[in-house]
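Visitor: I am new to this structure. Please pick one part, look at it closely, and then show me what else is worth a stop.

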Amino acid sequence: MKRRDFVKSGLLVSSGILMFDPLTGCMEAGMKESNYNKYYRGFMSPPVTSRLFVRWWWNGDRLDKKELLRELDVMKAAGIGGVEINPIAFPPNTDPVGYKSLTVLEDKWLDMLETALHGAKTRGMICDMIVGSGWPFGGEFLKKDDQTQMVTIETINLKGGKEYSFSQKELLDKVAPNFSSKNSNVYKDLVILRLVPSESMDFTEGKDFPVNFKESVIKINVPDGEYVLYFVVKLTGYMVVINGAPGASGPVLNHYSKSAVENYLERISGKISGKIGDMGGYIRAMFCDSMELEGANWNDDLPVEFEKRRGYSMLPYLPFILKKVGAMGNPVEKEYGTKFPEKVNELLKRVDLDFYKTRLELFKERFLETFTEWCHKNNVKSRMQAYGRGMHPLEASMSIDIPECETWLHKDVGREYPNLGLVGRAPTMVNKYVSSSAHLSGKKIVSCEEETNTSMAFMATLENIKIVGDQSNLSGVNHSILHGFNYSPLKAPFPGWIRYGTYFNERNTWWPWFRSWADYKARLSYIFQESTPRAEIAVLQPLTDLWLKYGPQRDPFPQKWYPDYQNNLWEVINQNGCGCDYVSESIICSATFKDGRMIYNNCSYHTLLLPEIETLDLKTVKSLSRFAEAGGQIVFIGKKPYKSPFFIGMEKKSAEIEQNINELLENKNGQVCLYPSPKGNLIEWFGKMQKELQLKQYVNFDQPNKYLNQTSYLLGNNPIYFMANTSLSEDISVEADFFVENQKLQPWLWDPETGEHFLYPAGGSKNHLKIDLPRATSLLLVFDKKKEGKNYQLKQFQTDRKEITGSWNLALNHIDGSRKKINLSELKDLSTDEELKSFAGTVIYEKTFTVDKNDYRYIDLGNVQGIAELTLNGKKLGDKWYGDYVYDVGDVLKKGENELSIRLTTITGNYLKSLKNNAVAQRWTGRQSCYPMGIIGPVELC
């Protein structure tokens, strides 16, 4: 779609008249009053498009039609709305129980695909489908010219005054990168052989030696002195698909070759449409998974394209800008090659940057756009994780219909949250780029590969899972594709066929409660998809400086970042009650500036933050000047830009940039400033900046907390706020002021777990609220004109809490069928008991206790690790799977004796860890420690 057409279509809003919100910086449609009920009905019963999808791993393509339909029924009953069909290699050390592997796109496999697609459609479920299998895609059938390419180097230090002889085989054999997914058949071609002094004060190209492929031995006369022999080698087909299934394994595709991409995609659509007809009749989107290309950087026409786009030849500089590479294409960290002074290295870095920019452009044109065009031709959408080396982390997703990021489940999530870095964060660093890209380009859906779990499989509780999902939503995600649901027939030995994941499976102990979380997520996704994110602050991340200093990173798992708070800035903006988007230099240069706003499509920002940026394009600097002249606020954090990214005319352009930036700072009456870099607590630092620069907030918390974050949207003109405490142990209580311009709006709590709504109690002012968020708990507030309804009751505890002490009777019902009864003298973590630590199943805690008064309102179970169903005096009081395990005892508690029964459901992981002869279990749990389980207490009346 052309941009002007996209902008037009982006302005077509069905719910009302377009208007500009000066606080949020968004062009928004006014929600008609009658729409409140429509949105609330959708919230109560969210559509299938909002429901969780799962990555449905077809393990080894060992498929059976009846099993495919059975698993669709299981997923449907669990509240799952769609599947991503994902053929993948069969898990190692797993019993196939007699099923044979089918081959992707062959007739029998297509029969299975047809069964799954028809089965999903008749059940009202949605299907996506991965392109190929595994990642990045390829196949055994690829011709050499269509296989992925890389140029890399090796070096040999030589002493002068001698003649050296090298065989081509000897040189080629030295180039053997330690790839993670190495192909056994790698084509190697010697491209450049160059002799260069080992030290030089000026740039010297060195002496090239002709590569004569007819001669097996190359002779080199080395003059007196110390030299380095560079040899540039092209590797073709060096990588195989990671976990590819039969028929889509083998060498990875060359994504820089448009013809290779087209041939590959047409083969897929030809086979599928030949079987089912129009792909769009059964498939929502075709999906492209992680682009872990292990350093792919080449197509044979790249030198020509470089010179055409950059205005000079790259070949004189090529040996000096290439890196020796290791696993996942990361550069080898060691010194080698000619030593140049810093001024030469600065020039070479800019050639390297031009090399990278050329690859970004080619990848976009030849793969991203080709992929989306092919999808549209087949009446499906494109869905992709468009990041990694070779793609701009923000701009690449703008070429995709459904951009996708990823959120991981790690043990530190909910337990740690240091001031800087990515520890304790479930969203990867790309999430904010992807959600910002979607906002900027008007995409309704921000998709996420969610709950990716390779470190604590089987050990995850639903509470862990909820925290990860909440963090994902806070990063801008509004639709989740779970990682994942394993195709696994019932007769497969326990725990089944497990390729990856969090054991989303009906054999999991907590599966009966999965639907509760699925409904919770679906309601949030619905309301976020129907709303518009609020963002008034734009952040230009210093990507050019990062690439110049450390080279392109392997997103979403960068080895290095710049500055040290790069990936935490958006967090503290939100934690202090604001909202932001990332932007790029291209976005800034394409924006318009009016009335103190930077406007791009339907997005508008009054403040631009530039953290520690040293290098800017002169065009960007000119755009900053226009923004300032229009009354916009520009904040340079820590540094003033003073360098040009360009190789040609670097010094002249750098001087002009420095002069323009100084003039900008001098002449704009304080709306352009240089603000100090953060020191110490990052939340407090931004809070101080916020006050000093008068940055408007959507909400103000009296006590910001590292585990408390928020994101705000507009549903028509109705502000909505999603807040979450993502700690597994800490309860948070704050006083919050909500800045809602329309004073006629009332705060309503919409409960995503139950679908109910309540009028939220205000304190003093209806926009000043007391917020209590126990561990792992979230809150969704919608401000609306509706005035009457059920009131939400904040818990009021007795100050004289009474602990229920003494021994407990336990009945343990193991999933292996065994039964056991014991008496505990006091509550404890069952995983610390040698006889109990390998338990999995249900534990029934029973106790008789006496009270001398019955005015306690609640019973608090304290620290609970598992899912707890509480019965008091024969009456069931509900179940809890996250947050505070506090139950309203109401009229059930009586004076004198009371009978308490708590049914606790544990995780499966500790038991699986004990199965030493179960290869599947040991593969995932062998290196994990036991996870806490049980009612640890203290149990109190309050």
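Guide: Start at F636, which stands opposite L674 in strand β25. A word of caution: this is a predicted model. The two strands here are β24, residues 633-637, and β25. They pair in the parallel sense, over 4 bridges. Strands of a sheet pair through backbone hydrogen bonds, either parallel or antiparallel.

Now step back to the whole sheet. It is open and has 5 strands. Read across, the order is β19-β18-β23-β24-β25, and the pairing is parallel. Two strands sit at the edges: β19 (580-583) and β25 (672-675). Each of these edge strands pairs on one side only. From one strand to the next, the twist averages 25 degrees.

Helices pack on this sheet. Take α16, residues 618-629. Helix α16 touches β23 (607-611), β24 and β25. The direction of α16 makes about 130 degrees with that of β24. Next comes α18, residues 682-692. Helix α18 touches β18 (537-540), β23, β24 and β25. Against β25, the direction of α18 makes about 155 degrees.

For contrast, turn to antiparallel pairing. Strand β40 covers residues 867-872 and is mostly covered, with 5 of its 6 residues buried. β40 has two partners to look at. With β43 (residues 896-905) it pairs in the antiparallel sense over 6 bridges. With β41 (residues 875-880) the pairing is also antiparallel, over 5 bridges. L872 shows both pairings. It stands opposite L900 in β43, and opposite K875 in β41. β40 and β41 form a hairpin, with 2 residues between them. In that turn, N873 has a positive phi of about 50 degrees.

Next, helix against helix. α4 (residues 107-122) is the one to follow. The axes of α3 (residues 65-77) and α4 come within 10 Å and cross at roughly 30 degrees. Angles under 35 degrees count as roughly parallel, so α3 is roughly parallel to α4. The crossing of α3 past α4 is right-handed. From α3, the residues K65, L68, L69 and L72 take part. They meet D111, M112, T115, A116, G119 and A120 in α4. The contact of α3 with α4 divides into 6 nonpolar, 2 polar and 2 charged residues.

Helix α4 also packs with α6 (residues 258-276). Here the angle is about 60 degrees, and the axes are 10 Å apart. That makes α4 oblique to α6. This crossing is right-handed too. L110, D111, L113, E114 and L117 in α4 meet K271, I272, K275 and I276 in α6. The residues of this contact are 5 nonpolar, no polar and 4 charged. D111 is named in the contact with α3 and in the contact with α6.

One last stop: M391. It lies in the loop between β13 (381-384) and β14 (402-408). M391 counts as buried because its relative accessibility is 2%, and the cut-off for buried is under 20%. M391 touches M291, Y356, L360, F363, L368, M384, A386 and A396, leaving aside residues up to four places away in sequence. P92 is 299 residues from M391 along the chain, and their C-alpha atoms are separated by 32 Å.

Methods:
Residues are numbered from 1 along each chain as its sequence is written. This is a predicted model: local features need pLDDT of at least 70, side-chain atom pairs count only at pLDDT 80 or more; totals for chains, interfaces and linings use all residues. Side-chain values use heavy atoms; hydrogens and water are left out. Buried means under 20% relative accessible area, exposed over 50%, partly exposed in between (1.4 Å probe, protein chains only). Two strands pair if DSSP finds at least two bridges between them. Axes are lines fitted to C-alpha atoms, for helices over the stretch in contact, and angles run from 0 to 180 degrees between N-to-C directions. Angles under 35 degrees count as roughly parallel, over 145 as roughly antiparallel, 65 to 115 as roughly perpendicular and the rest as oblique. A crossing is left-handed if the near helix is turned anticlockwise from the far one by less than a right angle, and right-handed if clockwise. Contact means heavy atoms within 4.5 Å. Ala, Val, Leu, Ile, Met, Phe, Trp, Tyr, Cys and Pro count as nonpolar, Asp, Glu, Lys and Arg as charged, and the others, Gly among them, as polar.
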